[in-house]
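Here are my notes on the model you sent over. They are meant to be read with the structure open beside you.

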Amino acid sequence: MGLNSPPFYFSKIAHRIMSVESIAAKTLALAGPACAAAGYELVDTRFTMDMGGWVLRLYIDRLIEGPLPDLYEPGSATVDLAACERISKEVSALLDVADFIPQAYSLEVSSPGIDRPLRTAAHFRRVIGHEAKISLHEPIDGRKNFRGLVTGVTTLPMGGDAVAINCDGTAFTLVIADIDHAKFMPDWDIVMRPGQRAQGKANHQQKPAKAKPSHQQASAESVESARK
């Protein structure tokens, strides 16, 4: 193939990456309405290669009316195994009909977990004041990965949304459409002290000036089924 070999090679790699992203996006568009009709938000989808083969992962959470629960509290937002099984069956049937995934794969449905994925502007608004980890599709000024405090979400003049994040004292504004994947980074000291939240609330009522937030870890359940 001579001089044409390198461009062809990189073209194949780019096509593979685009195909993986396309499968995740198509699954999101297909399964999102079905999840919503069942009372769940399809938080994110990922199509990845693991040691056991291709895996299509869906992260679901209960649709909440009114104020969202604390990020560290399971409360009414907990997704149990029965919910994962129900959504897995419904989405599996939709995927059988659509049949746009050429590879053999496993379908895996789970709750977002404590370190929940962040995909939409609403997701990022929920973690304002907390730490997040963000990876871009393409680097900006040579940088692709960011970890820091989320300080705000803005609507861009040309459309779309952007998240403001402070990394080690440097402020960045990242367009959400340019984000490959992102997730909430919990304070594990808080997570590992689940009984401290109630005491923290009591202290806040008695001594507001000295109150310190403490929280409880959310639980996560998952279900996996073989596909094709």
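Accessible areas here come from the Shrake-Rupley method with a 1.4 Å probe. Please keep in mind throughout that this is a predicted model.

1. **Surface and interior.** The chain exposes about 13200 Å², and carbon and sulfur atoms supply 55% of that area. On the inside, buried residues account for 36% of the 228 residues in the chain.

2. **Overall layout.** You will find five helices and nine strands in the chain. Walking along the sequence, their order is α-β-β-α-β-α-β-β-β-β-β-α-α-β. As for how the chain meets itself, take the contacts with a separation of 6 or more: 60% of them are between residues 24 or more positions apart.

3. **The length of helix H2.** Does the span of H2 agree or disagree with its residue count? Helix H2 covers residues 81-98, and at 1.5 Å a residue its 18 residues should span 26 Å. The C-alpha atoms at its ends are 25 Å apart, which agrees.

4. Which residues of H2 are buried? They are Ala-83, Cys-84, Ile-87, Ser-88, Val-91, Ser-92 and Leu-95. Because these residues cover an arc of only 155 degrees around the axis, they sit on the same side of H2. The face turned away from that buried side carries Lys-89 and Val-97, which are exposed.

5. **Glu-90, also in H2.** Glu-90 is another residue of helix H2. Its relative accessible area is 29%, so Glu-90 is partly exposed. Not counting residues up to four places away in sequence, Glu-90 touches Ala-34 and Ala-38. With Ala-34, the sequence separation is 56 residues, while the C-alpha atoms are 7.6 Å apart in space.

6. **Two residues with positive phi.** Please have a look at the backbone just after H2, where Asp-99 takes a positive phi of about 50 degrees although it is not a glycine. Asp-99 lies in the loop between H2 and S3, and is partly exposed, with a relative accessible area of 48%. Asp-141 also belongs on this list: its phi is near 50 degrees, a positive value in a residue other than glycine. Where does Asp-141 lie? It is in the loop between S4 and strand S5 (143-155). Is Asp-141 buried or exposed? Its relative accessibility is 80%, and the cut-off for exposed is over 50%, so Asp-141 counts as exposed.

7. **Thr-27 in helix H1.** Helix H1 runs over residues 5-37 and contains Thr-27. Buried means under 20% relative accessible area; Thr-27 has 0% relative accessibility and therefore counts as buried. What is Thr-27 in contact with, leaving aside its neighbours within four places in sequence? The partners are Gly-32, Leu-42, Thr-45, Leu-56, Leu-58, Leu-95 and Phe-100.

8. **The largest pocket.** About 720 Å³ of space lies in the largest pocket. Its lining is made of 26 residues, and those nearest the centre are Glu-21, Arg-46, His-137, Ile-179 and Asp-180. Two or more lining residues come from each of H1, strand S1 (40-50), strand S4 (131-140) and strand S8 (179-185). Which element gives the most to this lining? H1 does, with seven residues.

9. **Arg-119 in a loop.** You can find Arg-119 in the loop between strand S3 (105-110) and helix H3 (121-126). With a relative accessible area of 29%, Arg-119 is partly exposed. Apart from neighbours within four places in sequence, Arg-119 is in contact with Leu-28, Leu-42, Val-43, Asp-44, Phe-124 and Ile-176. Between Arg-119 and Ala-177, 58 residues apart along the chain, the C-alpha separation is 8.9 Å.

10. **Arg-125 in helix H3.** Finally, Arg-125 belongs to helix H3. Its relative accessibility is 43%, so Arg-125 counts as partly exposed. Leaving aside neighbours within four places in sequence, Arg-125 is in contact with Val-153 and Asp-161.

Conventions:
Residues are numbered from 1 along each chain as its sequence is written. This is a predicted model: local features need pLDDT of at least 70, side-chain atom pairs count only at pLDDT 80 or more; totals for chains, interfaces and linings use all residues. Side-chain values use heavy atoms; hydrogens and water are left out. Helices (H or I, at least four residues) and strands (E, at least two) are DSSP runs, numbered from the N terminus. Buried means under 20% relative accessible area, exposed over 50%, partly exposed in between (1.4 Å probe, protein chains only). Contact means heavy atoms within 4.5 Å. The expected span of a helix is 1.5 Å times one less than its number of residues. The arc is that of the directions from the helix axis to the C-beta atoms. On a 1 Å grid over the protein atoms alone, a cavity is a set of points where a 1.4 Å probe fits but cannot get out, and a pocket is an open set with protein on both sides within 12 Å along at least five of seven lines; lining residues have an atom within 4 Å of a point. Grid points are joined across faces, edges and corners, and a volume is the space filled by probe spheres set on the points.
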